[in-house]
Amino acid sequence: MAVSMKRTVPIIRMFDERKAKEFYLDFLGFSCDWEHRFEAGLPLYMQISNGGCVLHLSEHYGDCSPGSAVRIEVDDAKRLQEELLAKRYKFARPGYDEEWDQVSLTDPFGNRLHFYTAKK
């Protein structure tokens, strides 16, 4: 019998805790589940979530590379775009791709997030 795989939790590289929290928590509406540092002054590793989406953000050099891309399914990509635009975040004005039913953003560290509504 084959092993069944479970959910995926992407690790996304970050370089600045303040900018990461401003983007992911304040702008995108994620919540911080936990933070970890081996000791004060060392890189931050944290888990954030929004609904069923869980992401890990890491300042650790060897964990991952900046410039990655993640696709995140949402109930309504168009509504998400409208909600994000209403926040008037000065570093991102997300557009909406009707063909793909998708909103794409780049975080402050060069990682791309694609929020899409699954075709039925």
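I began with Gln102, which, leaving aside residues up to four places away in sequence, touches Arg71, Ala77, Gly95, Tyr96, Asp97, His114, Phe115 and Tyr116, contact being heavy atoms within 4.5 Å. I kept in mind that this is a predicted model, in which local features need pLDDT of at least 70 and side-chain atom pairs count only at pLDDT 80 or more, while totals for chains, interfaces and linings use all residues. Residues are numbered from 1 along each chain as its sequence is written, and side-chain values use heavy atoms, with hydrogens and water left out.

Gln102 lies in strand 6 (strands are DSSP runs of E, at least two residues, and helices are runs of H or I, at least four, both numbered from the N terminus). I found Gln102 buried, at a relative accessible area of 11% (buried is under 20%, exposed over 50%, partly exposed in between, with a 1.4 Å probe and protein chains only). Its side chain is joined to that of Arg71 by a polar contact of 2.8 Å (a pair of N or O atoms within 3.5 Å; within protein, one must be able to donate a hydrogen and the other to accept it, and residues adjacent in sequence count only if both atoms are side-chain atoms).

Next I looked at helix 2 (residues 77-86), where Ala77, Leu80, Gln81 and Leu84 are buried. Seen down the axis, these buried residues fall within an arc of 100°, so they line one face of helix 2; the arc is that of the directions from the helix axis to the C-beta atoms. Their cover includes helix 1 (17-27), strand 6 (102-106) and strand 7 (112-116). At the N-terminal end, Asp76 caps helix 2 with a side-chain oxygen 3.2 Å from the backbone nitrogen of Lys78, and the helix is followed by Arg88, whose phi is positive, near 55°.

I then turned to helix 1, in which Ala20, Phe23, Tyr24 and Phe27 are buried. They cover an arc of only 120° around the axis, which puts them on the same side of helix 1, whereas Arg18 and Asp26 are exposed on the other side. At the start of helix 1, a side-chain oxygen of Asp16 comes to within 3.0 Å of the backbone nitrogen of Arg18, and after the helix comes Gly29, with a positive phi near 85°.

Last, I noted that helix 2 gives the largest share of the lining of the largest pocket, three residues, and that by class this lining has seven nonpolar, three polar and five charged residues (Ala, Val, Leu, Ile, Met, Phe, Trp, Tyr, Cys and Pro count as nonpolar, Asp, Glu, Lys and Arg as charged, and the others, Gly among them, as polar).
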